[in-house]
Structures are given as structure tokens and as C-alpha cells.
Amino acid sequence: MNINNADMSKEDEIDLLKLFKALWKKIWVIALAAIIGGGAMFAYTKLLVTPLYKSSAMMYVNNSDFSVGSTKVSLSDLNAAQSLVDTYAVILKSRGTLEKVIDEAQLPYTYEELNEMVETGAVDNTEIFSITATSADPEEATKIANTIVDVLPDRISEIMDGSDVRTVDFAVVPSVKSSPSTTKNMMIGIIAGFVLACAVIIVIELMDTKIHSEDYLLTEYPDIPLLAVIPDMNKKPGKHNYYYYENK
């Protein structure tokens, strides 16, 4: 039983070495596939993907007691600003707020489309929350964010008594696109080309059942004598090849 396990381990090692040699032999194919993959993703990113821009504004949640309807609520009982930020985020993303933003900014979007373009959340768990708009037009992204800043305080006061939210920073026109990342996509293409080429070479090698040299027979079947070898007439005699005569 121990002998069989040793033989199996030896066979596995030989197979791995064989695969490594096959990959190394085709290293130029792997490198070419990686270059083609990176180049393809570069061209795709530059020519076919629309760049997007993000513009953000910030607002401050005033730390004071407020009431919802007839119920008085203390901010200390609700973990202060964080609870208010979550509440304001729901109001901001509501249909009534975003449809008002669409009317004010005269945007060519439906509520569902604008809802996908707007993000909000607390800044490092503070009383400040950000409003981020994403658009293919940097000026439009800025316009959306600043319109929300103008509309949101009135919407909140209509729903929550005693609420107080103030503007910290208005959005400015972004000069750099937020996505896509050309470098990131190129790296994905290079890795994809590399992995695909390696996978194809390994599959071809594993499916290859041909005997390519007498060394394989001598190594795998050392107890069986090798009676004869048919030489490759297109290959020059070398260290591991049998000599042959060529008729002139």
C-alpha cells in the first residue's frame, strides 16, 4: 500500500512537471494572449464605454430634538445624527423629492432613472451626510446634487416637525471621471488573457495521448524493453535521437 502511494505521488509530480514544461514551451503564446486581452480591454474602455462623473454636496444634521407627528423624540434615544441621516436618506430617495428635483432642474429623466443616479450616506458616521449624483455630463451631475440640496430642506420640514438640515458644501463640477478605470480594465484583460491561454494549453496537453519520444516509454515503462524507434525524418540527429541514413 505504501509503494502504491509513493508511485501515485511520483506520477502526480511528473504530470505537474509536464504541464509546467508545456506552459513554459508556449510562454510566447501566453504573453501574446495577455497583451491582446489588455489591448482589447483598453480599446473597449476608450471607445465603447461612456465615462461617468460624480459630483457631491454635503449637508449637516442639526443636533436638536425633533418630533414626528405628535410624538416627541430625543436624538440621544435614537443614536443622534445617524438615525436622522438614515431617515433623511429615505426622504431624499422618495418619489416626491426626486420628482420635485426633476421639475426644478428640468431633467430628462424618470423617477426610477434619477433614483439610480443619486446616492447618499453618512460621512464617517458623523452628523454630516453626502449627496452624490452620477452622470455622463459633469455639469449635469453638479446640477442634480445642488438641486437636491435646495429641495431637501423644504421636503424634510414638510414631513418632520422641528427638523433642521444645513448645507456644508455645494457640489462643484468634477474635472476627472469617476469611471471607468482604464488601468483596472486593462489589468482585467491581461489577467483574463493569461488565464485563458494557460487553461487552453493545459487542456490540450491533458487531452494529448500521443507518445512524442522514446524517453517517455523508457521513463514510464522501465521494465519493458524498447525494441525499435521510427526516426523523425524531418529532424536532425541529436543527443537524444537515433541516427538514420538518408538515401540521396
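This is a predicted model: local features need pLDDT of at least 70, side-chain atom pairs count only at pLDDT 80 or more; totals for chains, interfaces and linings use all residues.
**Exercise 1. Start with a pair of charged side chains: Glu158 forms a salt bridge with Arg155, and their closest N and O atoms are 3.7 Å apart. Work out where the two residues sit and how open each one is.**

Residues are numbered from 1 along each chain as its sequence is written, and side-chain values use heavy atoms, leaving out hydrogens and water.

Step 1. A salt bridge is a side-chain nitrogen of Lys or Arg within 4 Å of a carboxyl oxygen of Asp or Glu. By this rule, the count comes to three.

Step 2. Glu158 and Arg155 are separated by about one helical turn because they are three residues apart in α6.

Step 3. Compare relative accessible areas: buried means under 20%, exposed over 50%, and partly exposed in between, with a 1.4 Å probe and protein chains only. Glu158 is exposed at 54%, whereas Arg155 is buried at 16%.

Step 4. Elsewhere, salt bridges that share partners join Arg95, Glu99 and Glu112 into one network. That is our next topic.

**Exercise 2. Which salt bridges does Arg95 make with Glu99 and Glu112?**

Step 1. The side chains of Glu99 and Arg95 meet at 3.5 Å, N to O. These two residues are four apart in helix α4, so about one helical turn separates them.

Step 2. Arg95 also meets the side chain of Glu112 in a salt bridge of 3.2 Å, N to O. Because Arg95 lies in helix α4 and Glu112 in helix α5, this pair ties together parts that are 17 residues apart in sequence.

Step 3. Check accessibility: Arg95 is partly exposed at 41%, Glu99 is partly exposed at 36%, and Glu112 is partly exposed at 43%.

**Exercise 3. Which residues of α4 are buried, and which are exposed on the other side?**

Step 1. Thr97, Leu98, Val101, Ile102 and Ala105 are buried in α4. They cover an arc of only 140° around the axis, which puts them on the same side of α4. The arc is that of the directions from the helix axis to the C-beta atoms.

Step 2. Turn to the other side of α4, where Asp103 and Glu104 are exposed.

Step 3. Look just after α4: there Gln106 takes a positive phi of about 55°, although this residue is not a glycine. Gln106 sits in the loop between α4 (95-105) and α5 (111-117) and is exposed, with 71% relative accessible area.

**Exercise 4. What surrounds Thr134 in its strand?**

Step 1. Locate Thr134 in strand β5, residues 128-135. Its relative accessibility is 14%, so Thr134 counts as buried.

Step 2. Leaving aside residues up to four places away in sequence, Thr134 touches Leu52, Tyr53, Lys54 and Met117 (contact means heavy atoms within 4.5 Å).

Step 3. Among these, Lys54 joins its side chain to that of Thr134 in a polar contact of 3.0 Å. Such a contact is a pair of N or O atoms within 3.5 Å; within protein, one must be able to donate a hydrogen and the other to accept it, and residues adjacent in sequence count only if both atoms are side-chain atoms.
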